Amino acid sequence: NIKNVWWHDMVTNPPVGPDGHDVSMVGVDCSIIMNPKVWEASGHATGFADPMVDCKECKARFRADQVIVVDVYAGDTYLSSESVEASSSADPSVEEYRKRAEFVEAVAGSTADPELKKGAKRFRQMLRDAAINNQNLIDDLASAWGGKVARDDIPNRLRSISLNVRPRRLLDSGPPNASVACPRCHAVNTLTEPRAFNLMFETFVGAVQDESAKAYLRPETAQGIFANFKNVMDSNRVKIPFGIAQVGKAFRNEINPRNYTFRSREFEQMEIEFFCHPNESMKWYEFWRDVRIKWYESLGIKSANLRPRQQGAEELAHYSKACTDIEYLFPFADEPQELEGVAHRGSFDLNQHGKFSKGKEDAFAVVDDDTHERFVPHVIEPSAGADRFTLAVLCEAYTVDESRPSPEFLRFHPRLAPIKAAVFPLVNKDGMPEVAEPIHREIKKHYLCQYDAKQSIGKRYARMDEAGTPYCFTIDGQTLQDGTVTVRDRDTGAQERIHKDRCLEYLHDHLRL
């Protein structure tokens, strides 16, 4: 439903532009496997790589730029380096691990108290067995020391230890005597030297698997649009400004997929490349930024969790003039995560493909019909993650209302609700199924609709609430008398009666919100 709504609102019925005219938009579906030259032009073949290290002991593989090394010193005495994987330097687990490594190393290396030494050893084993957990440090230490150290005394003992802790990334320079531990098995000095690891999935075209037959699964959908820009313009009677839109799969050979849907090997993008005159590019950038933010709000993401953020100059790609990340604060995260990026990419992409296709940067240039000016269009790119937005919709819709008989339900926007309606005969007899079944058959021609005649009506309502179904139609004894049915609203629980012949009309009116 998310993909269908995006396609309807951006392609079939695109918004009105800042000039008061309907935006011109063309939909495409580009190849997943394209000529390798496409990825040379885009820079993915040479620059789309992560540094990788392997552990020679446990054979685990890690991104070298996301392994955090915690160098611990007691006074001027170097103790050791503990390592942990992290998704970013701001990852709360890194800070948690830093604190724990600090205390464990300090207790083990800076005290003569045998109970503290014993507790530190046990706690180190707990750390390695449980990896990184988020329980309170004092509680963990109290448990590790088995009550032999008073809980209230633990903070004083820890504060009395003088330490110098230096967290850094594996790729950063460190002390010459550092013995770096593997984040997985904790073996020391077993990590290989970092080496480049291309994130594109390789494949081979044809029967022979050699360099001449090498190809790649696309790591993004955008490049197919750029490569087909002139084809679309020549065959669809469009002129600048106009956009090309695509919904499709992309693939990245992540070393260690993790963080749920935020770092996966297969994901789905909903993407627009909007081509405009360079002099009007900032106007269109601001237009698409605002349109995309309002689109999320229109679909129920209205809470303070939706957080658009303008990128700073230090974050922008070298060719980018501006970029807004539309972020959402998920309930399980400490920092907002990106749902969509709206980027001003300048003419970089078309220039690159021009150089590789015809040997000149303006190979993708166009001519203005009125001024006869020749120029390479600038590109505004709203690129959204379908998977990420699906997760945000689920998080935003989840509602608990203890005043209801069944307190948990999903408050989906009607356009996104997987099941649009349900039809219930109050009892599975007395002629009620004979009335309910034709209503269900008529609705399911247009919307996904369920028919349910089992268990009590309250349990059936609860099932539909938990699935996020906006409306339920119940056929009861009064239906047999006057032809009316009960319509129940998911969000309010309110009920009203309408004639049975108006059920489909009622859904048409209420689902186009």
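Colleague: Is S406 buried or exposed?

Modeller: Buried means under 20% relative accessible area and exposed over 50%, with partly exposed in between (1.4 Å probe, protein chains only). S406 has a relative accessible area of 19%, so S406 is buried. This is a predicted model, where local features need pLDDT of at least 70, side-chain atom pairs count only at pLDDT 80 or more, and totals for chains, interfaces and linings use all residues. Residues are numbered from 1 along each chain as its sequence is written, and side-chain values use heavy atoms, leaving out hydrogens and water.

Colleague: Which residues is S406 in contact with, leaving aside neighbours within four places in sequence?

Modeller: Contact means heavy atoms within 4.5 Å. On that basis S406 is in contact with A462 and E466.

Colleague: In what order do the five strands of the open sheet stand?

Modeller: Strands of a sheet pair through backbone hydrogen bonds, either parallel or antiparallel. Strands here are DSSP runs (E, at least two residues), as helices are (H or I, at least four), numbered from the N terminus; two strands pair if DSSP finds at least two bridges between them. The order is 22-21-23-24-25, with mixed pairing. Strand 22 (449–451) and strand 25 (495–499) each have a single partner strand, so one side of each is left without a neighbour in the sheet.

Colleague: In which sense do strand 21 and strand 22 pair?

Modeller: Strand 21 (residues 421–425) pairs with strand 22 in the parallel sense, over three bridges. A422 stands opposite Q450 in strand 22.
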